[in-house]
Amino acid sequence: MSATDLVALVCCDLGSIVRGRSLPASELASYSDVGVGWVPANHALTPLGPLAEPNPFGSIGDLRLLPDIDTRVRVEAGPGGTPLEFVLCDIVETDGAPWECCPRRFLRDTLAELEDELGLRLVASFEHEFQLLADPPVPATDPQSADVPPVLPFSLEAQRWAEPFAGEVMGALAQAGVQPERFFAEFAAHQFEIPVAPAEGIAAADRSVVLKEVVREIARRCELRATFTPLLNPSEAGNGAHIHLSLLDVSGRSALYDATRPACLSELGERFAAGILLHARALSALTAPSPVSATRLAPHRWSAGAVCLGWRNREALLRLPPLVPLGGGEEACQLRLEYRGADAAANPYLALGAIVGAGLDGVRAGLPAPPILDRDPAHLDAGEAERYGVGALPASLEDSLRALAEDEIARGWMTPLLYEAYVAVRGYEQQASADWDIEQICRRYAHVY
């Protein structure tokens with residue numbers, strides 16, 4: 001008996017878990033205008049498994065997963081297997097009206113505000129880090145042991161260890177349409193990164209979802225397991241999702257670039273950055289929202305140890321990457337903001353929408369330009385830290401959720417129903433993990449993400 005190829009109609013939920021329903025791929029066309037049934041309470045499912053209780057949905061209501069056919073992904077089958085095929089969906093009411101808790105709608109509405117108010121379009125990309133796990137585990141770097149050979153960070157050996165996964169995943173991502181740019185080993189044990197080309201608007205967040213699912217699929221085919229958990233080992237660097245943002249005007253020119261200003265960041269760009277920094281603590285509830293996320297976001301963990309704007313500074317929450325004239329590259333096209341405080345526990349649509357919402361608030365309020373830090377914030381004295389506006393991110397998920405609750409503007413980016421549902425899901429995680437030590441949390445979330 002031959003297998004039937006299936007296509008999954010999926011959405012990315014509030015806990016950044018991709019869920020959905022599958023049907024024969026040959027019948028997809030008949031579902032393109034009606035989608036498949038979905039339940040509001042599914043949006044109260046937590047990354048740990050159970051429903052968040054209480055939640056605003058209960059047992060009432062019906063929805064549809066309406067496929068966005070332009071997002072259809074197909075990765076051909078490996079030997080003896082079946083293809084990976086799925087379509088990203090909007091969550092809509094049964095009459096096709098947008099559902100207020102749909103994450104894709106959240107981002108779409110924010111991008112509409114950006115265009116309506118400022119005449120600007122967003123171009124963005126997500127840089128995801130992940131780790132490959134084997135059973136039994138492959139030895140990790142242990143500088144204290146003479147018996148276990150280390151797998152060295154950034155080494156060619158680490159990359160070659162990942163074959164045939166490395167070559168296969170690059171091919172699969174290209175087939176999926178996410179335009180992978182590079183594959184390289186990272187700092188932690190068996191940690192890798194695959195940057196993808198920037199995309200406009202909602203497609204940038206779509207690529208984040210697709211990349212993670214394709215990486216997991218190819219890892220399974222190679223008898224490995226990929227984890228995007230924010231922190232696998234408390235003694236090592238964690239896995240981030242750096243979000244790069246550019247703003248383009250109607251003619252396609254960068255609205256962030258001005259060669260006459262410090263670091264070539266325009267006045268609009270300064271105000272946009274200031275808004276992100278102003279709301280940084282509340283943003284962390286949406287961009288780094290797992291119980292293990294805050295542990296990664298500490299000084300000297302190669303993440304985001306300080307709330308500030310930095311030039312070529314990897315300790316800053318918001319970084320201005322270098323402009324590279326080598327090879328004749330145009331500076332204006334390169335100018336972007338890099339938000340370093342996100343990870344894969346974040347729903348990419350909510351995270352990107354919230355960052356843009358924060359930036360918009362900075363422009364609306366005419367916030368002054370934030371100082372640009374060009375050194376390690378850990379080396380600043382108290383006076384210098386105050387002058388550069390250096391602050392700290394919340395130390396726990398509980399603190400992040402409190403910061404969101406206390407930030408009226410940030411809370412207002414979401415409808416009351418979406419806010420209630422989101423806090424229910426993340427609050428459940430915070431309470432469920434309250435008595436776990438950091439090693440337990442790391443182990444559990446390595447299986448979640």
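This is a predicted model: local features need pLDDT of at least 70, side-chain atom pairs count only at pLDDT 80 or more; totals for chains, interfaces and linings use all residues.
Residues are numbered from 1 along each chain as its sequence is written, and side-chain values use heavy atoms, with hydrogens and water left out.

Helix α14 spans residues 438–448, and its buried residues are Ile441, Cys442, Tyr445, Ala446 and Val448. Buried means under 20% relative accessible area, exposed over 50% and partly exposed in between, with a 1.4 Å probe and protein chains only. Helices (H or I, at least four residues) and strands (E, at least two) are DSSP runs numbered from the N terminus. The buried residues of α14 pack against β11 (225–227) and α13, where contact means heavy atoms within 4.5 Å.

In α11, the buried residues are Leu397, Ser400, Leu401, Ala403 and Leu404. Seen down the axis of α11, these residues fall within an arc of 155 degrees and so line one face of the helix. Their packing partners are α6, α12 (408–411) and α13 (416–432).

Two packed helices are described by the angle between their axes and the distance between the axes. Helix α6 (residues 280–287) and helix α11 (residues 397–406) pack at an angle of about 120 degrees, with axes 7 Å apart. Axes are lines fitted to C-alpha atoms, for helices over the stretch in contact, and angles run from 0 to 180 degrees between N-to-C directions. The contact is made by Arg281, Ala282, Ser284 and Ala285 of α6 with Ser400, Leu401, Ala403 and Leu404 of α11. These residues divide into five nonpolar, two polar and one charged. Ala, Val, Leu, Ile, Met, Phe, Trp, Tyr, Cys and Pro count as nonpolar, Asp, Glu, Lys and Arg as charged, and the others, Gly among them, as polar.

The axes of helix α4 (residues 202–221) and helix α9 (residues 348–365) come within 9 Å and cross at roughly 145 degrees. Ile202, Ala204, Ala205, Asp206, Ser208 and Val209 of α4 make the contact with Pro348, Tyr349 and Leu352 of α9. The residues of this contact comprise seven nonpolar, one polar and one charged.

Technical notes. The arc is that of the directions from the helix axis to the C-beta atoms.
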